[in-house]
Amino acid sequence: MKMTGAEAIIESLNNEKVDVVFGYPGGAVLTLYDALYQADFNHILTKHEQGAVHAADGYARATGKVGVVIATSGPGATNLVTGIATAYMDSIPLVAITGQVSVPLIGRDSFQEADIRGITTPITKHNYLVKKVEDLPGVLKEAFYIARTGRPGPVVVDVAKDVFAASFDYEYPTEVKLRGYRPVYEGNLETIAKVFEELRFAKQPLIFIGGGVNLSDSSEELKNMIEQTGFPVISSLMGLGCIPFDHPQFLGMVGMHGTYAANMATTECDVLLGIGVRFDDRVTGLLDEFAANAKIIHFDIDPAEINKNVLAHLRVVGDMKWSIPALSQRIKLVSDELKEHVQSWVEKCRIWQDEKPLSYEQGDLVMPQAVVEKVSQLTQGDAVIVTDVGQHQMWVAQYFGFKNSRSLLTSGGLGTMGYGLPAAIGAQCGLPDRPVILFIGDGGMMMNCQELAVAAEYDLPVKVLVFNNQCLGMVAQWQRMFYGGRYSHTSLKRSTTDFVKLAEAMGVKGLRIHKPDELDRVLKEALSISGPVVVDIRIPEVLDVLPMVPSGARLDQMIIGGKEG
Amino acid sequence: MKHTLAVLVENKPGVLTHISGLISRRAFNIESIAAGYTEEPDTTRITIVVEGDEIEQEQVVNQLSKLIDVIKISDLTAVESIQRELALIKVKASAATRSDIINIVEIFRASIVDVNKETMVIELSGDETKIDALCQVLEDDHGIIEIVRTGKIALSRGPVPAKDQGI
């Protein structure tokens, strides 16, 4: 069929069953936007390209589909960089379509020219520069395929301006042929047998789950397998939700702000089965001493994750949808034997849990942990929770009663402040009927607060809970602990921003909580409003996220704090 | 330990950017890199010499393999292979010193590819140590003006091509 490059992109997005794109127009993508004028799918116009890319990311995390973002050349494209890097670190499937200057102008420092392909090479799974219109359908087909298969990730398709206008005979390929890309979904069954033998004779085994379980949507398979073993389970930040928070085998999050039980169990286990994890430094603490007594078994879809940070005794490369049931097949035959075998270890873990549970003291002000617990209770854990980055993120990870996979959307790898608000907007676009609740700090709120207007304009009922401590809490915590209490530029006391007024100025309902006795009433009110709401919650300025493993310390060397001090 | 990797990649624009970008981002220790066309027009072959222990070497292979453009990697250190590098050396040469240089060139089985009043250009192919040795002698006795080296290229012995070899 005869059509222009711009029309071919719309048609290709239709072929990929895209229902919404996030974007911001500009010179190089004018022709594409002209074609978008007639497109059947929605386009969400954000206030900033960074908002658009985080929104596409939030959409992808919430729905499991590929997020699509469009931006113009030069500054439009470079404004996507933080969002692309965020998605890359957390393996989120995105396709970013950027305009590029016309082919004859490339390389001449033309107006709004930036080499976005070069810039995004280290932060994309793959990227393209399309200079010939005939290449467009094949490139888009590949881009979507690469983004969502194997270990997912962002793909940039940079399209020269004249390609949008050029016409050609369009045909969307039915299959992808890539000599150098064949994701391995099914691995080696012999290794599964070896894994089974290790688990069978382990005295103190521990299962460690991560983002890979969320991304592969294999939480049901996981839960099934875990219950057959009776083994204790810990999770990384990205694995939260894959098994219910209140599951009797769940010891909580591991790592820098992990629970006492999870960190102690990791230190003392003799076999550690890591499933869809990448042994990030925030998890391992001092790498050389991480799970020092344990044989490490590593399940991942990406062979390059094996032995990257932690040396694995056994590796199982493949999709969790394959590897977890394959292991289950064997375990279920000896389920009772295994449970029997680990009884004293399970008891030991339970003692750790009872000994030092997560706790906090009540004060005159609203405690942020109490807000998280209250929201958890009011929603019964059944909401899509989005966070920004910092102290509030860790309190959510520690205290929210997650029930389902894909229910925590958070920038775990890159730790991008400013991610939360646009990501919540994107999640709500993808899941219009689900409650989407954003926890965010007063620092992060000001990084992309312009996107509040988008929530109002598209009537996206996100609930934005601002933990307002008038400082950059996590950085201030480190300054308090490791920099002699010198609060270099982390106080926000100068701020004259009124978050209630800010919300109202953008057409969003604003509420405020000053005192603990207002918490229940105002939160209920906020959750009952049908449109978007911002709640400015005043919390204490000096408050630490605890437990904490100082950077470079061993996991069992925690600063505990809480009620027991 | 050094590993010589034969990396077969798609012959497409941007592939070298992806390879060099990855090496830089992962902070891999790369000693040399040499690229060129192959018997198949859509394939480029890159020879990379990596310095590092087994674990580092495994990471290099695994990370490079993740690149969409990388078709195949084989470790030529693990098999019998021929390894060569080409060097062009411009050395100071007057009428008086020329014959001595010619002697050295003959000993090394190198060849002279250019001569003028003040200099000579010597071409030598061989392994790294042989080139190093020639450079050392020329520098000590006559003085070198400039050197260009290709970086190592390598080919396995026997009938099995790299594309059909296990890693």
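How many Å separate the centres of domain 2 of chain A and domain 3 of chain A? I looked this up and found 31 Å, taken over C-alpha atoms.

**Ground rules.** I noted that this is a predicted model, where local features need pLDDT of at least 70, side-chain atom pairs count only at pLDDT 80 or more, and totals for chains, interfaces and linings use all residues. Residues are numbered from 1 along each chain as its sequence is written, while chains are lettered from A and ligands numbered from 1 in the order in which they are written.

**Domains.** For chain A I wrote down domain 1 (2-169), domain 2 (189-355) and domain 3 (368-538); such bounds come from an automatic or database domain assignment.

I then checked contacts (C-beta atoms, placed from the backbone, within 7 Å). In chain A, 15 residues of domain 2 are in contact with 14 residues of domain 3. On the domain 2 side, helix α10 (residues 211-215) of chain A gives the most, with 3 residues. Helices here are DSSP runs of H or I with at least four residues, strands are runs of E with at least two, and both are numbered from the N terminus.

**The whole chain.** I listed 24 helices and 20 strands for chain A. Its C-alpha atoms fill a box of roughly 70 × 60 × 40 Å along the principal axes. Buried residues make up 56% of the 565 residues in chain A; buried means that 20 or more other C-beta atoms, placed from the backbone, lie within 10 Å of the residue's own.

Methods:
Contact = placed C-beta atoms within 7 Å. Buried ≥ 20, exposed ≤ 12 C-beta atoms within 10 Å, placed from the backbone.
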